[in-house]
Amino acid sequence: MDTIFALASAQGKAGVAVIRLSGPLAHSAAADLTGSLLPPRGMRVRSLHAADGSRLDEGLVLTFKAPASFTGEDVAELQIHGSTASVNAVMRNLLDTAGLRLAEPGEFTRRSLENGKMDLTQVEGLADLIDAETEAQRKQAQTILAGELGDLAERWRRDLIRAASLLEAVIDFADEEVPTDVTPEVRTLVTGVMQDLHREAEGVKIAERIRTGFEVAIVGLPNAGKSTLLNALAGREAAITSEYAGTTRDVIEVRMDLDGLPVTLLDTAGLRKTEDHVENLGIELARKRADAADLRVFLTEDPTTLGVPMIDGDIQLLPKSDLREDDKGGISGKTGHGIDQLISHISYVLSDRFTSHGIATRERHRVALNDSKTALAAAMTVLESGPDLYDIAAEELRTAIRALETLVGRIGVEDLLDEIFSSFCVGK
């Protein structure tokens, strides 16, 4: 096994930089830099020197003994001054050390997975935590990183192994004193797991939206003030505004944090009939994005004229309240009237949906959960036919167990690993 190293903190000037090493030569390489022995596990302030004895820097050297480390291997971390020159000098000396090489993206975390320190769902949770921009994303990523989905999968797996063992005991020891009617206990175990799987699979869509962001589309007639409203919500000139109808031809996106939820606001082309071919393309795109959005804000007096049906949770507001004598139920991006209420309304609707999500957060999770549930449904059908078909029911249970093992990365995920770890930075 190679010993790898990389800068684990951000590039550029900083107060402190962290260089991480992992592998069988991690401790000896750190000791060579300090010119002294290091404890198997501990912290020491040491001066770092190049091979020719010249001083490189002074810093805190941390050592971790396998398997009690992030990667499960011997690990050393060098916390040095964060100047670009200091970091480059130490990195050059490590690169010249025999047996050491630069880490690839995500290689520290990959070793943690391979050494059983994390399961695949925790790896995904760590990636999500690194990318988290809002409080909701942080909390969701922490839940996954803490291993809660893996713990659930392990509990389901134990129940299904118990159910399969009951069936196999009847098959293998039919002539001995083994109770033949194990159907009630097996049914109870399988039904409980199926209910949990259904709940988690149903919650993936919302959980994935928290991870990737909700979309809120602003729709209305041309010149209804959609772009002005978007600019007011964004706090900057994100969209071009003018008094001419049809100014917006494409969908303009603005990413925001609304009460801890990641939200992408969509400014769409005004919905109308027109002979302008380019504008028609924009209108068609606007309808498609509005149909796919999680929530729509309709700036119109009559939503039925827009060709995009309102659904439960959508918001209707009267546009340009600054030009109306009665501004009740209206909004104005120009004056700011109704902006705070709109933000609160959007946050309330999305937060209400947020409460219904489960722990599973990705399409991969949903597929594994549904594959397991499908196999369990087949097992339940066969189970009702009695002991003569217990062998088939047991095989369906094993299929369900294998699907759960792909969820946590025990089997069948080799093709996914390169894609997953390519999204990590080099020092993680």
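Strands, pairing and packing in a predicted model

Mentor: Strand 1 and strand 2 form a hairpin with six residues between them, and Gly12 in the turn has a positive phi of about 100°. This is a predicted model, where local features need pLDDT of at least 70, side-chain atom pairs count only at pLDDT 80 or more, and totals for chains, interfaces and linings use all residues. Residues are numbered from 1 along each chain as its sequence is written, and side-chain values use heavy atoms, with hydrogens and water left out.

Trainee: What makes strand 1 and strand 2 a pair?

Mentor: Two strands pair if DSSP finds at least two bridges between them. Strand 1 (residues 3–7) and strand 2 (residues 14–22) are joined by four bridges, so they pair, and they run antiparallel. One of the bridges sets Leu7 against Ile19 in strand 2.

Trainee: What are the strands and helices here, and how many does the protein have?

Mentor: Both are DSSP runs numbered from the N terminus: helices are H or I with at least four residues, strands are E with at least two. The protein has 14 helices and eleven strands.

Trainee: How do you know that strand 2 also pairs with strand 5?

Mentor: Eight bridges link strand 2 to strand 5 (residues 75–82), in the antiparallel sense. Across this pairing, Leu21 stands opposite Ala76, and Ile19 stands opposite Leu78.

Trainee: Which strands are the edges of the sheet, and why?

Mentor: The open sheet has six strands in the order 3-4-5-2-1-6, with mixed pairing. Strand 3 (42–49) and strand 6 (100–102) each have a single partner strand, so one side of each is left without a neighbour in the sheet. The twist averages 25° from one strand to the next, with axes being lines fitted to C-alpha atoms, for helices over the stretch in contact, and angles running from 0 to 180 degrees between N-to-C directions.

Trainee: What packs on the sheet?

Mentor: Helix 2 (residues 84–95) does, touching strand 1, strand 2, strand 3, strand 4 (55–64), strand 5 and strand 6; contact means heavy atoms within 4.5 Å. The direction of helix 2 makes about 150° with that of strand 5. Helix 3 (residues 107–114) lies across strand 1, strand 2 and strand 6, at about 135° to strand 1.
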